[in-house]
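My notes follow the order of the look-ups.

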Amino acid sequence: MSMLARMEASARILALVKLANVGLVMIWGFAVTFVFVRVLPLAEFQAFLLLVAFGNFTISAEFGLTSIIYARLRRFWLGSDEEAADGGFRLEEMGVLFLFLGLLIAGAVVLLLGALALGGLHTAMPMLFLLFFLTACLNLPALLAKRALAAIDGNFLWEGLDCARRVVTIGLLAAILFGLDPRLSVALQLAISVLVIGYAIVHVHRRLGMRRSHWFAFRVGGGHVRRHYLRDIGASAAFTVSDIIAYNAPYFTIAIATSDARPMLLFDFFFKMSRSLSMLVRAMVEAALPRITRAYHAGEGARVRQLLTRALGAALFFALAGSALLILVGCWLFDKLFDGRAAIDQADLGLTALALVALSVVCVSVYVQAALGRFAHLLQRSLPFLAGSLLSVPLAGALWPDRFDLGFLGLYALTLMLAAGLHLVSLRRLVRA
């Protein structure tokens, strides 16, 4: 067994390299805010945050499609796909799913161009906004390549490639503070990402023994998708839309409710904390998924229960440790991150910490059940969270107009706690089944 294969087979080593990559992703995310809040006027930066929120929609939109390809390709790779009731995995599916992502990116770019042209997004730097949005869109094929590699036991290769990409892009971001044109910095980041993603896709192509024709057999692949698992795509798409609206809608409802920058910055801070936690939990769960999926498809219920319990324990540990750290240094971090443009207090931090603990449970449930292809069930569980997210801002404005920001955070935290309770019930039923 090669050294790369030994590292891939070790859950501990895999978890460590995934966590290292998560650390770099977190640094990159904070660096974006740290850099652009200093080089853009406040009004431009608020518009930039809306652009980031729109970009988050595209990043999150990959989840359903990549989870489908992971669930199907993983079962195929483990050799339990021959008699599948849904027709089994076909290589032509890869080209069809990449086509879906391409159409999604094209549609998102058209929407952005329309918003810029019609004044829906006000900026004096449209080229910078467009380039940055394209870098966000590249996360769609990047994450599909990542999930395809993970399904065929190529986790370690992707994490190494992505770590290198993140180091370079963080350096390019920092260079803006030393005089590099922001547009050039973002364009170079775009080019680096294209090279890394291209290499990963070539590796998947070779390892699966694909031919070039498989990528363009849209009629064959599309027919197979339509006949055998269009319902899964529909359920995953509906779940994905529900999930991304629930997580990102407050950016837009806050913008509608008030022109005050503080509530928007408070939610952006919470969103960054939640993204950091979800990335940590996802890295830990993905390191355990090879074992969880093997045990589940082999019908080893006790092993699945043991692995899920460990995953929940680790996620709660991350959430509690992060929450404690947030209470201690959150005020300082908020001030440094947003260059003193607003302040945060202990009540805001306490509600953020409570929401993060609930979020850790939701993340474990979503990542595990998506990997097992339980999209219709996830859709049912996402709807209460969607309703709470959409209602939290208008309810806070109506009930607590003097403390709108605190009221919103409280309602949003309560929504996440209710969602966590529903997902715990789901996981309990999963291990019993």
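**Notebook: domain interface and pocket**

The model is predicted, with local features needing pLDDT of at least 70 and side-chain atom pairs pLDDT 80 or more, while totals for chains, interfaces and linings use all residues. Numbering runs from 1 along each chain as its sequence is written, and side-chain values use heavy atoms, without hydrogens and water.

I then looked up the domains: domain 1 is 1-230 and domain 2 is 234-432, with bounds from an automatic or database domain assignment. Their C-alpha centres are 21 Å apart. I found 44 residues of domain 1 in contact with 45 of domain 2 (heavy atoms within 4.5 Å). The rule gives three salt bridges across this interface.

Next I took the largest pocket, volume about 490 Å³. A pocket here is an open set of points on a 1 Å grid over the protein atoms alone where a 1.4 Å probe fits, with protein on both sides within 12 Å along at least five of seven lines; lining residues have an atom within 4 Å of a point. The volume is the space filled by probe spheres set on the points, which are joined across faces, edges and corners. I noted 23 lining residues, with Met26, Phe30, Met273, Ser276 and Leu333 closest to the centre.

Why does the largest pocket lie between the domains? Domain 1 and domain 2 both give residues to its lining, so it lies between them.

Methods
A salt bridge is a side-chain nitrogen of Lys or Arg within 4 Å of a carboxyl oxygen of Asp or Glu.
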